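Subject: Structure handover: helix packing and voids

Hello,

Here is the structure for your files. My notes on helix packing, cavities and pockets follow it.

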Amino acid sequence: ILTRVLPVVFEDAEWAEFFWAPLALDNLPAMHEGHTQQLDPRANVVSTIEPYPVTPETPLAHVLLGAIQDLMFAPLFTVERPEVPRTAFMAYSPQAVHPVRNVDPTPFIWSNGVGMAHAYPGTRAAHGHRCALMELLLVCFSNPLYTAPADVLKAPDRWVPFFLDGKHPKTRAAFQSILNTFLAFDPVALGIPYNSTLLWAADLVRPVDQCAGRVSHV
């Protein structure tokens with residue numbers, strides 16, 4: 001939904017500062033208190049990092065980009081260990097996999113390469129969720145396209161600098177995941193160069209590679 005709503009917001013000059021205004025929610029600190037807990041006994045994942053601090057003065061854009069980075073390493077959503085058996089719908093309670101803000105992303109970098117020697121293979125659903133998050137990142141990063149040429153230098157982009165400034169604890173892992181996924185792209189794949197353009201669903205990973213390539217070029 002956000003990939004379709006954000007362009008409409010960006011096109012309207014009256015909404016230019018909407019994402020950069022303070023949240024000013026009185027109950028926000030209580031809603032975002034971070035803590036360390038065992039996520040799921042079968043996943044063997046313990047949250048060991050401090051989440052990105054969110055206060056009433058935090059801009060909505062920071063909250064949105066932070067949520068994207070958190071979801072990039074959400075167990076059973078975008079990352080999954082092979083030894084964790086998937087069971088029936090709602091087999092384990094929602095409390096068993098929260099909060100994702102505390103999950104240490106280091107073991108869950110998406111692909112082998114920088115910072116990761118043995119990445120866990122993803123599922124079709126996980127690859128679809130990764131693509132959706134990277135498409136949302138592209139929409140966020142496209143904000144300058146909706147700015148008049150005369151105003152580009154006066155109002156520099158604020159989305160990409162925040163995503164890469166390292167203030168969020170998962171910035172490095174997010175960048176490594178996108179970079180490694182793009183560098184792992186194999187145009188030959190099944191023996192037919194660029195087979196995904198010829199064979200429908202020839203490679204489940206190919207759409208993720210393409211999304212990662214677009215984000216990397218930003």
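By class, six nonpolar, one polar and two charged residues line the second largest cavity. Here Ala, Val, Leu, Ile, Met, Phe, Trp, Tyr, Cys and Pro count as nonpolar, Asp, Glu, Lys and Arg as charged, and the others, Gly among them, as polar. The lining consists of Val79, Glu80, Phe108, Ile109, Trp110, Tyr120, Pro121, Gly122 and Arg130. The volume of this second largest cavity is about 40 Å³. The structure has three cavities of 30 Å³ or more.

This is a predicted model: local features need pLDDT of at least 70, side-chain atom pairs count only at pLDDT 80 or more, and totals for chains, interfaces and linings use all residues. Residues are numbered from 1 along each chain as its sequence is written, and side-chain values use heavy atoms, with hydrogens and water left out.

On the terms: the search uses a 1 Å grid over the protein atoms alone. A cavity is a set of points where a 1.4 Å probe fits but cannot get out; a pocket is an open set with protein on both sides within 12 Å along at least five of seven lines. Lining residues have an atom within 4 Å of a point. Points are joined across faces, edges and corners, and a volume is the space filled by probe spheres set on them.

The largest pocket has a volume of about 440 Å³. It is lined by 21 residues, and Ala16, Asn143, Thr147, Ala155 and Arg158 are the closest to its centre. Its lining divides into 14 nonpolar, two polar and five charged residues. Helices are DSSP runs (H or I, at least four residues), numbered from the N terminus.

Now the packing. Helix H3 (residues 60-71) and helix H4 (residues 124-141) pack at about 160°, axes 10 Å apart. Axes are lines fitted to C-alpha atoms over the stretch in contact, with angles from 0 to 180 degrees between N-to-C directions. H3 and H4 are therefore roughly antiparallel (over 145 degrees). Leu64, Leu65, Ile68 and Leu71 in H3 meet Leu133, Leu136, Leu137 and Cys140 in H4 (heavy atoms within 4.5 Å). That contact has eight nonpolar, no polar and no charged residues.

The axes of helix H1 (residues 2-11) and H4 come within 9 Å and cross at roughly 0°. H1 and H4 are therefore roughly parallel (under 35 degrees).

Best wishes

Terms used:
Helices (H or I, at least four residues) and strands (E, at least two) are DSSP runs, numbered from the N terminus. Angles under 35 degrees count as roughly parallel, over 145 as roughly antiparallel, 65 to 115 as roughly perpendicular and the rest as oblique.
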